[in-house]
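Here is a short briefing on a protein model. Look over the sequence and the fold, then read on.

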Amino acid sequence: MSSLIPPEDGMDPSTELVELDPTVFNHPIRRDILHLCVIHYLDGQRQGSASTKTRGEVRGSGAKIRPQKGTGRARLGDAQSPMLRGGGVAFGPKPRDFSTKLNRKVLQMGMRIALSARVKEHSLGVVKSLDWQGSKTRDLATRIEELGWGRTVLVTGREEIPRMLKLSAGNLSDFVTVTAKELDVYHTLKASRLMLDLEAVEWFEQNLGHARFAPPREYHL
């Protein structure tokens, strides 16, 4: 375990261990499932607001530009033809929804695989608590630099991020704080390091593993 809050004298949080549920944190790696989950997330992020005008929507007269025959030139209709400058666009984009559907069980498996991949890469850690004291960004940035937590995602199992931590981390671009319920496969894989508090570990084990049918676990530290 690690500690976001500087430990007291004589205390070493690295000597404390947390047992992780292997059904959640030791799942076989499936690259195909991770690919499906990442594409599902990125599809949902697309705005789908690109829009062009067809020849029927472009402003102007519908009169024929020149006679059909007799001029020796090509046949033309009105000025809104897609062949002409200022005319409509043929088969152009229109506002649409790019989001795709993915089964809930596939998304849950993707999260188990992503967490397991982080464990195998030694880039997942556990902290006892995320109750940061103080609201100064400078103090938190100094502590993060001491721990070497660049591009780190902090995950809490609570309903909301601790208020003081949220205030302190608001201006740190490479430091993200989310709840376990909000975390997705894309950001789990993108971050350099993932740090969970004990409540987040319990949340994942309750919602992704076989432990969701068992009573909450008690931790003895």
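**Aromatic residues and a sheet**

Phenylalanine 204 is buried, with a relative accessible area of 1%. Buried means under 20% relative accessible area, exposed over 50%, partly exposed in between (1.4 Å probe, protein chains only). This is a predicted model: local features need pLDDT of at least 70, side-chain atom pairs count only at pLDDT 80 or more, and totals for chains, interfaces and linings use all residues. Residues are numbered from 1 along each chain as its sequence is written, and side-chain values use heavy atoms, leaving out hydrogens and water.

**Aromatic pairs**
- The structure holds two aromatic pairs. Rings of Phe, Tyr and Trp (its six-membered ring) pair if their centres lie within 6.5 Å; planes under 30 degrees apart count as stacked, over 60 as edge-to-face and the rest as tilted.
- Tyrosine 41 and tyrosine 186 are stacked, at 4.9 Å centre to centre and 15 degrees between the planes.
- Tryptophan 203 and phenylalanine 204 are edge-to-face, at 5.5 Å centre to centre and 85 degrees between the planes.
- Tryptophan 203 is partly exposed, with a relative accessible area of 26%.

**The sheet**
- Four strands form an open sheet in the order β1-β4-β2-β3, with parallel pairing. Strands (E, at least two residues) are DSSP runs, numbered from the N terminus; two of them pair if DSSP finds at least two bridges between them.
- β1 (124–127) and β3 (175–179) stand at the edges with a single partner strand each, so one side of each has no neighbour in the sheet.
- β2 (residues 152–156) and β4 (residues 193–197) pair in the parallel sense over four bridges.
- Leucine 154 stands opposite methionine 195 in β4.
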